[in-house]
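Work through the exercises below with the sequence and the structure side by side. Try each task before reading its solution.

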Amino acid sequence: MLLLLRRTTTTAAAAVVFSRFSSSTTAASNLPKPFSQIPWKHRSKAIQESQKALSEYLHTTRSLPFPYADNIARNSPNSLSRIVSEIPFSPATFENSFQRFLRYHPVNELEFLSESIGLNSEEKITILPPNTFFLSDWKHFDVVCALAGLGFPWIKLGSLCKELFEIDQWQLRKRIAEIKGFYGFNSVCVISICLVFPRVLYDEMDGLLADLKTLFLDYDLLSCVEGNVDSMLDICEKIKTFYDLGCEMGKIGELMGRSKSIFVEYSKEGLISKIDYFCKLNVQKDRIGLLLLSRPEYFGFDLESRVISVSGFLKHFGLNETELESLEIKYPHVFGRNKIANMPHIMRSVNLGEWFFERLKNENPSLLDSYGISCTEDLDKHYADSLTKIRAKRTYAHALKKLNFLHNIGFGENRFAIKALFLLNSSSCQLQRRFDCLLRCGIEYSSLCAMVKLSAKILNQQESILEKKIRFLCSDMGSSLQYLDVFPGYLCYDLEKRIRPRFELHRWLMEKGYCEKEYSISTIIASSEKAFVARISRIHEGAAKKWEEGLSGRDGELGCGEGEEGAAAP
């Protein structure tokens with residue numbers, strides 16, 4: 001009894017009632033499937049009655065303080081629906097039947113609690129003790145009560161409790177009081193900070209709290225935000241995106257203060273979208289965070305729909321004619337028109353990611369927004385004619401998705417994109433996965449785009465096959481990834497039927513001393529079967545026989561790449 005009395009909170013806790021079924025309308029429109037057995041016209045009333053009965057059961061029978069009982073009943077729809085499904089439904093008797101069920105069938109209180117505070121199934125397994133049904137038998141319920149009593153939203157407690165269960169409730173109260181007293185935050189502010197940065201409750205986070213004090217109080221961001229937990233929680237989650245980038249705690253308070261408007265004017269999704277956009281430049285993420293905090297104007301620019309001329313855009317940012325001509329010779333597949341949404345990958349495909357980042361950092365932000373293109377600038381007639389033909393085909397939607405993939409990785413609207421398109425016979429999603437796989441293998445972005453220009457069929461193969469071929473190239477053949485710059489076609493040949501047996505035969509000839517000349521990989525792999533056999537016969541008369549006996553020479557080159565998947569090319 002003393003344990004239960006100790007858990008009773010002040011009347012302020014009664015105000016912290018967050019319902020996932022805030023009204024009968026909401027309840028009826030967001031029902032878990034088990035409630036579907038109740039006729040639609042009786043459903044909302046049945047839910048209200050079952051929530052009320054469960055709340056009274058927890059409060060009256062189990063002696064749980066009413067605010068907690070009410071929150072558990074209102075925020076555990078799945079657990080509640082499982083009980084409802086066990087009771088035959090009748091509009092006239094449902095309320096009494098449900099109360100009778102609770103009277104003779106004690107419920108798993110921990111199951112209801114865990115759902116109501118937002119724990120998922122995996123967290124329940126790791127946090128909740130096995131074979132325990134009653135809240136009074138769970139030692140960490142004191143922490144839940146303490147946090148609720150301090151004003152934390154009930155349905156958010158799960159995100160805190162999984163980190164704070166081992167901390168005494170009095171330590172939590174003391175720590176929150178210290179944060180309030182030392183930094184001057186109000187209750188709503190402290191609650192929001194703790195929900196997003198729970199480590200402040202058990203670890204030294206002076207740098208973070210100093211940044212937040214500068215932003216919230218010194219630059220008075222609090223006056224721009226509604227004074228409720230939901231609004232402040234949204235602000236704190238936006239702030240966290242910059243720390244997630246690697247920005248150092250204690251170092252960006254002033255920057256955030258000078259750019260406080262971005263936390264009010266833009267949604268979290270909008271901030272993340274712009275951050276992800278600039279992160280595609282492949283510059284360190286903390287530098288991206290500092291750039292955007294020092295240049296908040298970038299958040300307001302249209303970086304999706306505008307069309308650019310790659311050469312015109314580079315000139316606009318200060319690239320001189322000589323440098324531009326050199327790039328056009330080296331990376332012709334990149335030039336032409338494209339969307340500004342693909343600009344970060346365009347810069348990487350010409351190896352200018354770092355250069356462009358420095359221009360963004362040092363130049364006036366308006367430079368990015370002021371670029372414009374005329375209606376006739378950089379139009380490619382071959383591309384336009386090919387696009388018209390593609391649109392006339394039955395599979396045009398599939399082809400356009402693949403074409404968009406090529407533009408996204410850095411190909412301009414030019415003949416190279418069209419040529420590559422007709423060699424690709426997998427879906428755009430598969431192509432993207434394989435492109436990403438080759439990047440993970442260590443191939444430089446600009447080199448990989450050039451490889452696709454020379455031999456687009458490499459993307460028609462499954463990731464596992466590409467990885468095996470690259471491992472064989474680097475480990476068994478002793479070559480480097482840079483060799484693929486001159487011979488990307490290596491990845492188009494069958495590893496087991498062509499690459500490995502031919503290489504092993506040449507290695508045998510070298511080890512035996514029959515061959516003094518070291519042939520290139522392309523000579524070994526790319527020559528036809530007839531030319532290959534003729535060459536090894538000239539090297540050693542027994543080599544052709546050995547080839548026929550053990551390393552059979554079925555041609556391993558696949559017309560559209562080994563292990564390919566997907567629909568036919570357009």
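**Exercise 1. Where is Asn282 placed, and is Asn282 buried or exposed?**

Step 1. Asn282 sits in the loop between α17 (268–279) and α18 (285–294). Helices here are DSSP runs of H or I with at least four residues, strands are runs of E with at least two, and both are numbered from the N terminus.

Step 2. The model is a predicted one, in which local features need pLDDT of at least 70, side-chain atom pairs count only at pLDDT 80 or more, and totals for chains, interfaces and linings use all residues. Residues are numbered from 1 along each chain as its sequence is written, and side-chain values use heavy atoms, with hydrogens and water left out.

Step 3. Asn282 is exposed, because its relative accessibility is 56%. Buried means under 20% relative accessible area, exposed means over 50%, and partly exposed lies in between (1.4 Å probe, protein chains only).

Step 4. Look also at the backbone: Asn282 is not a glycine, yet it has a positive phi of about 65°. Most residues other than glycine have a negative phi.

**Exercise 2. Which loop holds Asn131, and what is its phi near?**

Step 1. Asn131 lies in the loop between α8 and α9.

Step 2. Its phi is near 55°, a positive value in a residue other than glycine.

Step 3. Asn131 has 79% relative accessibility, so it counts as exposed.

**Exercise 3. At what angle do α3 and α6 pack, and which residues make the contact?**

Step 1. Helix α6 covers residues 94–104, and α3 packs with α6 at about 30°, the axes being 10 Å apart. Axes are lines fitted to C-alpha atoms, for helices over the stretch in contact, and angles run from 0 to 180 degrees between N-to-C directions.

Step 2. The crossing of α3 and α6 is right-handed. A crossing is right-handed if the near helix is turned clockwise from the far one by less than a right angle, and left-handed if anticlockwise.

Step 3. From α3, the contact uses Ala46, Glu49, Ser50, Ala53, Leu54, Glu56 and Tyr57; from α6, it uses Phe94, Glu95, Phe98, Gln99 and Leu102. Contact means heavy atoms within 4.5 Å.

Step 4. Sorted by class, this contact of α3 with α6 has 7 nonpolar, 2 polar and 3 charged residues. Ala, Val, Leu, Ile, Met, Phe, Trp, Tyr, Cys and Pro count as nonpolar, Asp, Glu, Lys and Arg as charged, and the others, Gly among them, as polar.

**Exercise 4. Is Ser55 buried or exposed, and what does Ser55 touch?**

Step 1. Find Ser55 in helix α3 (residues 40–61).

Step 2. Ser55 counts as buried because its relative accessibility is 4%.

Step 3. Leaving out residues up to four places away in sequence, Ser55 touches Phe66, Ala69, Asp70 and Ala73.

**Exercise 5. How many residues of α7 are buried, and what covers them?**

Step 1. Helix α7 (residues 109–116) has 7 of its 8 residues buried.

Step 2. The buried residues are Glu109, Leu110, Phe112, Leu113, Ser114, Glu115 and Ser116.

Step 3. Their cover includes α3, α4 (66–74), α5 (77–84), α8 (121–127) and α9 (141–149).

Step 4. Gly158 belongs to helix α10 (residues 157–164) and is buried at 1% relative accessibility.

**Exercise 6. How do α12 and α14 cross?**

Step 1. The axes of α12 (residues 187–196) and α14 (residues 229–244) come within 8 Å and cross at roughly 45°.

Step 2. The two helices are therefore oblique to each other. Angles under 35 degrees count as roughly parallel, over 145 as roughly antiparallel, 65 to 115 as roughly perpendicular, and the rest as oblique.

Step 3. The crossing of α12 and α14 is right-handed.

Step 4. Among the residues in this contact are Val188 and Ile191 of α12 and Met232 and Leu233 of α14. By class, the contact has 10 nonpolar, 1 polar and 2 charged residues.
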